[in-house]
Amino acid sequence: MGEDRVDWVLHETVGGVSYITFNRPEALNALTPGQRDRVIELLDVASGDPDVRAVVLTGTGRGFCAGADLRGGASGGGGERIAGDVARTLRLGAQRLIAAVLDCEKPVIAAVNGTAAGLGAHLALACDLVLAAESARFIEVFVRRGLVPDGGGAYLLPRLIGPQKAKELMFFGDALPAADAERLGLVNRVVADGELDKTAREWAARLAAGPTRALALTKQLVNASLDTDRATAFATEAAAQEINMTTEDAQEGVRSFVRRTTPEYKGR
C-alpha cells in the first residue's frame with residue numbers, strides 16, 4: 001500500500017488536551033504499522049509533556065478503528081514465516097499500542113464514533129473513559145477470521161465484564177451495539193452521534209483542569225488493582241500518597257479546602 005501518509009493520524013493540542021484522530025475513513029480507520037507507531041509516539045509525548053493534561057482518541061467517518069490493516073501487512077503475513085515472527089510482531093505492534101494507552105500518565109478518553117473492531121475495540125477499551133456515539137458498535141472480529149484475540153483482549157475484557165460475557169463476545173464475534181456495551185459496563189456513556197465531539201471535549205476539559213499527577217497515580221492504582229494482592233495494593237497506595245503529597249496540586253487542594261475556595265490546579 002506504500003508508505004503511510006502523515007494525515008492518516010491528525011493531531012492537535014488545545015487547552016491542555018492532546019487530540020489524536022484516526023483519519024483514514026475509507027478503510028474504517030484500520031491501522032497501518034505507521035499509524036500505530038505514530039499513536040504510540042503521541043501517547044509517549046503526552047506522558048512527558050507537562051502542558052498536556054488529558055488525551056482524546058477518536059476517528060473520522062463511520063469507523064473509530066477497524067483493527068489492524070491486514071491488507072497492508074500489519075499482521076506480519078507474507079513471505080516465509082520463522083518461529084517467533086508472530087510473537088515478535090504482536091509484542092512490538094498491537095501489544096505495544098495497548099500498553100501505551102494503559103501506561104500513559106495522562107487520562108485517555110476514547111470517543112468511539114463508529115465501528116470499533118478487533119484491535120480497534122481493544123484500543124477503545126484500554127482507555128480510562130469510553131464515550132460512544134449511538135451508532136457505534138464493538139466487534140470481537142477475530143473468530144470470524146479464525147484468529148485468536150490479540151492486543152490484550154483476553155486480558156482486558158474479563159476484567160471489565162467477567163470471563164463468561166468475555167467468552168460470549170469472543171466466541172461468536174457478534175456486533176455489540178453501543179447501548180448494550182454501556183449496559184455491560186464497557187462504555188461509560190452513550191450519546192447522540194452529533195453530541196460525541198462536544199461531550200468528549202467537555203470531559204477532556206474537566207480532566208485537564210484537574211490535579212494531573214493525582215489522576216496519573218490513581219490510574220496506576222486502579223489498573224494494577226486486579227493483578228495484585230491486598231498487601232501489595234495497600235503498600236502501593238501508601239507510596240502513591242507519599243508521592244502525591246509532594247505535588248503543588250495536592251497542597252493547593254488542601255489549602256483550598258481549609259480556605260473554602262475553589263482549587264486551581266496547575267498539573268504539577
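Biologist: Is Asp69 buried or exposed?

Modeller: A residue is called buried under 20% relative accessible area, exposed over 50%, and partly exposed in between, using a 1.4 Å probe and protein chains only; the areas themselves come from the Shrake-Rupley method with that 1.4 Å probe, and for residues only the protein chains shown count as cover. Asp69 has a relative accessible area of 5%, so Asp69 is buried. Please keep in mind that this is a predicted model, in which local features need pLDDT of at least 70 and side-chain atom pairs count only at pLDDT 80 or more, while totals for chains, interfaces and linings use all residues. Residues are numbered from 1 along each chain as its sequence is written, and side-chain values use heavy atoms, with hydrogens and water left out.

Biologist: Which side chain meets that of Asp69 in a salt bridge?

Modeller: Side chains of opposite charge can pair when their charged atoms come close. The criterion for a salt bridge is a side-chain nitrogen of Lys or Arg within 4 Å of a carboxyl oxygen of Asp or Glu. Here the partner is Arg24, at 3.2 Å from N to O, and the two residues are 45 apart, with Arg24 in the loop between strand E2 (17-22) and helix H1 (33-48) and Asp69 in the loop between strand E4 (63-65) and helix H2 (85-92). Elements are DSSP runs numbered from the N terminus, helices being H or I with at least four residues and strands E with at least two. Arg24, at 3% relative accessibility, also counts as buried.

Biologist: How many salt bridges does a search of the whole structure find?

Modeller: The search finds 13. Among them, Arg96 and Asp37 meet at 2.8 Å, N to O; Arg96 belongs to helix H3 (residues 94-103) and Asp37 to helix H1, so this pair ties together parts 59 residues apart in sequence. Arg96 is partly exposed at 35%, and Asp37 is partly exposed at 32%. Glu12, Asp197 and Arg201, moreover, are linked in a network of salt bridges.

Biologist: Which residues of helix H6 (residues 163-172) are buried?

Modeller: For a helix, one looks down the axis and takes the arc of the directions from that axis to the C-beta atoms. In H6 the buried residues are Ala166, Leu169 and Met170, and they fall within an arc of 90°, so they line one face of the helix. On the other side, Gln164, Phe171 and Phe172 are exposed. The buried residues pack against helix H4 (119-125), helix H5 (153-161) and strand E9 (175-177), where contact means heavy atoms within 4.5 Å.
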